[in-house]
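Me: I'm new to this one. Can you put it up and walk me through it?

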Amino acid sequence: MRVLLRLRTKPDASKEDCLDCIEMFKQHGGLLTGVDSEGNTPLLAFLTSSLFSKGVQVEIEDAIISALACDKITVKHKNPKNSKRSAIHIAASKGRLSSMKILVNKGADLCDVDECNNNCFHVHLSSGNSN
């Protein structure tokens, strides 16, 4: 049976609880590679949720990214409903260099482009990030 972790954002959801849930899910054979009906892997679902922010609780967010970035296929997956952006594009759009480094170490390609032919550097600059 395939089980897919779905990250739903609740007002009281804590990032520590999210990380605990991911670890429990993995321990019980849950798949972090599946894609939901919206085209998201759990990694993309987290990166596009309100749990992933610009510069708030960076260490715990990076721990979550590291836990969800389980293989190259998951890291490189592009959501066809979100401009064919991968995890590296989303992290770049939030100006999150530490998250980008994790993704590159897990197999992300800095030269990968979205449907508008933008790589993560283009996305970073067009999102108003100066760092």
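Reply: One term before we start: contact means heavy atoms within 4.5 Å. This is a predicted model, where local features need pLDDT of at least 70, side-chain atom pairs count only at pLDDT 80 or more, and totals for chains, interfaces and linings use all residues. Residues are numbered from 1 along each chain as its sequence is written, and side-chain values use heavy atoms, with hydrogens and water left out.

Me: Good. How many helices and strands does the chain have?
Reply: There are 7 helices and 0 strands. Along the sequence the pattern reads α-α-α-α-α-α-α. Helices (H or I, at least four residues) and strands (E, at least two) are DSSP runs, numbered from the N terminus.

Me: What share of the residues is buried?
Reply: Buried residues make up 45% of the 131 in the chain. Buried means under 20% relative accessible area, exposed over 50%, and partly exposed in between (1.4 Å probe, protein chains only).

Me: And the accessible surface, what does it come to?
Reply: About 7100 Å², with 53% of that belonging to carbon and sulfur atoms. The areas come from the Shrake-Rupley method with a 1.4 Å probe, and for residues only the protein chains shown count as cover.

Me: What about contacts between residues at least 6 apart in sequence? How many join residues at least 24 apart?
Reply: 68% of those contacts do.

Me: Let's pick a helix. Which residues of α3 are buried?
Reply: Helix α3 covers residues 58-68, and its buried residues are I60, E61, D62, I64, I65, A67 and L68.

Me: What do they pack against?
Reply: Four helices: α1 (15-27), α2 (42-47), α4 (72-76) and α6 (97-105).

Me: Start with α1. How do α1 and α3 cross?
Reply: Their axes come within 9 Å and cross at roughly 20°. Axes are lines fitted to C-alpha atoms, for helices over the stretch in contact, and angles run from 0 to 180 degrees between N-to-C directions. So α1 and α3 are roughly parallel to each other. Angles under 35 degrees count as roughly parallel, over 145 as roughly antiparallel, 65 to 115 as roughly perpendicular and the rest as oblique.

Me: Is the crossing of α1 and α3 left-handed or right-handed?
Reply: Left-handed. That term applies if the near helix is turned anticlockwise from the far one by less than a right angle, and right-handed applies if clockwise.

Me: Which residues make the contact?
Reply: From α1 come K15, E16, C18, L19, I22, E23 and K26. From α3 come I60, E61, A63, I64, A67 and L68. These residues divide into 8 nonpolar, no polar and 5 charged. Ala, Val, Leu, Ile, Met, Phe, Trp, Tyr, Cys and Pro count as nonpolar, Asp, Glu, Lys and Arg as charged, and the others, Gly among them, as polar.

Me: Zoom in on A67. Where is it found?
Reply: A67 is in helix α3. A67 has a relative accessible area of 7%, so it is buried. Leaving aside neighbours within four places in sequence, A67 is in contact with L19, I22, E23, K26 and L32. A67 and L32 are 35 residues apart in sequence and 9.2 Å apart in space, C-alpha to C-alpha.

Me: Now α6. At what angle do α3 and α6 pack?
Reply: About 20°, with the axes 10 Å apart. α3 and α6 are therefore roughly parallel to each other. α3 passes α6 in a right-handed crossing. V58, D62, I65 and S66 of α3 make the contact with S98, S99, I102 and L103 of α6.

Me: Is S66 buried or partly exposed?
Reply: S66 counts as partly exposed, at 30% relative accessibility. Not counting residues up to four places away in sequence, S66 touches I102 and K106. S66 and N105 are 39 residues apart in sequence and 9.6 Å apart in space, C-alpha to C-alpha.

Me: Switching to loops. Where is V56?
Reply: V56 sits in the loop between α2 and α3. V56 is partly exposed, with a relative accessible area of 44%. V56 touches K15 and E61, not counting residues up to four places away in sequence.

Me: What is phi of S83?
Reply: Near 55°, a positive value in a residue other than glycine. S83 is in the loop between α4 and α5 (87-93). S83 counts as partly exposed, at 26% relative accessibility.

Me: And N117, what is its phi?
Reply: Positive, about 70°, although N117 is not a glycine. N117 lies in the loop between α6 and α7 (120-126). At 57% relative accessibility, N117 counts as exposed.
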